[in-house]
Amino acid sequence: MSGYRIELLTVGSEFFCPAEQPILKAMMQLGVKGIPSGCHGGGCGVCKIRVVEGQVRADSMSRAKISEAEERDNIYLACRALPLSPLTIEPLERLDRPLRKYGLI
Amino acid sequence: MGVMRIGHVNLRVMDMDAALRHYRDVLGLLVQGSDDSGAFYLKGWDEWDKYSVMLSPSDRAGMNHVAYKVEYDSDLDLFKDRLAEHGVDALLEPASHLPFCGRSLRFSLPSGHEMYLYADKERVGKAVGDQNPDPWPDGLKGAGAHWLDHVALQCPFDPEKGVNTVADNCRLLREALGFYLSEQVLVGPDADIQAVAFLFRTSTPHDIAFLPAPTCGIHHASFFLDGWSDVLKAADVMAKNRVKIDVTPTRHGITRGETIYFFDPSGNRNETFAGLGYLAQPDMPPITWTEENLWRGIFYHTGEAHDSFTSVYT
Ligand code: FES
Ligand SMILES: [Fe+2]
């Protein structure tokens with residue numbers, strides 16, 4: 001199977017992503033932690049990453065979550081980004097929730 | 001007179017072909033047509049009005065508006081006045097402003113969501129007809145959802161800054177639109193902050209739910225199934241179609257509903273919901289869940305917090 005190594009900065013882990021698979025999906029299937037996982041549809045924005053090194057191709061991402069400026073700045077939603085080369089990426093959203101003051105929020 | 005039920009939800013989708021495959025082939029809704037703007041209209045087989053889901057092409061996910069159906073056209077004038085008494089400026093829109101509908105009343109909830117009331121919508125009938133009908137039609141796809149059951153909305157909530165639009169919405173719907181409170185969650189040191197509110201107009205536990213959130217959005221749109229075995233089959237259909245499931249089949253404590261949470265291809269959360277829970281009536285004492293037990297209320301079996309429940313929405 002063709003694919004690429006993905007290096008996750010800040011958490012310091014690495015995983016293999018098949019060429020035709022979104023980065024987030026590959027990460028989840030391998031049980032790797034590092035990027036928050038949400039809707040897997042490019043709508044909710046929790047899986048935001050910066051591609052520090054390498055090339056990706058992205059499917060539709062919500063403009064409410066990734067601005068044009070962010071896109072120019074190599075910021076993507078990991079659930080919509082497919083690798084075109086080995087990648088070094090940085091998760092931009094927190095995995096751990098800040099303390100819930102009111103049970104839900 | 002008064003509000004009868006949820007009429008439709010208008011969702012934004014980023015890829016219409018993928019959205020149609022989801023709402024038609026996975027949920028099993030029936031496509032009723034499209035318009036020049038590229039929007040598609042769908043209904044459940046058991047619904048008689050032309051559509052309960054309107055999908056609009058967009059560069060983002062989320063909800064444009066939700067609409068509730070009232071019994072009489074004159075109710076719209078009455079509710080316009082009642083909303084004004086509560087400081088909400090509602091606009092009467094002409095027929096066809098809401099596609100395939102008569103005139104409508106448009107306003108914003110305190111949470112920022114756009115809501116409509118309308119009395120008339122083009123009627124197409126149930127898939128089984130209304131003469132000596134069979135209990136279900138042939139050729140249903142996927143989960144074969146009966147109808148759009150309710151929406152749950154994410155409402156700005158920050159009590160320290162004096163913001164609680166869950167409570168504001170709840171008060172407005174009860175006082176101006178005649179909704180009843182079925183269940184609520186009270187939080188905070190004095191257990192007096194309403195963080196969750198479930199309201200109804202039908203005889204089911206909820207026709208709308210308000211949840212606390214950092215920003216305005218939609219938590220989910222929910223579709224009705226008959227029972228637990230239909231819920232399990234719906235999950236099989238989702239797995240077959242590689243739908244992203246958020247929460248596998250389980251039971252809510254609140255409403256007693258049997259549920260699956262999952263996402264459409266643009267990331268909007270859906271629910272398939274079975275079991276009518278209990279008979280909701282105007283004189284039923286509202287049920288209160290406390291802060292320590294609120295996750296038991298949300299996911300009855302585990303009783304544990306589920307991270308994506310509050311942080312993931314569109
Ligand atoms: S998981 Fe929701 S946008 Fe990626
Ligand atoms: Fe629900």
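Helices (H or I, at least four residues) and strands (E, at least two) are DSSP runs, numbered from the N terminus. This is a predicted model, in which local features need pLDDT of at least 70 and side-chain atom pairs count only at pLDDT 80 or more, while totals for chains, interfaces and linings use all residues. Residues are numbered from 1 along each chain as its sequence is written, chains are lettered from A and ligands numbered from 1 in the order in which they are written, and side-chain values use heavy atoms, leaving out hydrogens and water.

In the loop between β6 (91–93) and β7 (104–108) of chain B lies B:Ser96, which is exposed at a relative accessible area of 54%; here buried means under 20% relative accessible area, exposed over 50%, and partly exposed in between (1.4 Å probe, protein chains only). Most residues other than glycine have a negative phi, yet the phi of B:Ser96 is positive, near 75°. B:Asn132, which is not a glycine either, has a positive phi of about 45°, and this residue sits in the loop between β8 (114–118) and β9 (147–158) of chain B, where it counts as exposed with 73% relative accessibility.

B:Ser52 belongs to the loop between β3 (40–43) and β4 (53–57) of chain B, but B:Ser52 is buried, with a relative accessible area of 1%. Leaving aside residues up to four places away in sequence, B:Ser52 touches several residues, including B:His8, B:Leu42 and B:Leu148, where contact means heavy atoms within 4.5 Å.
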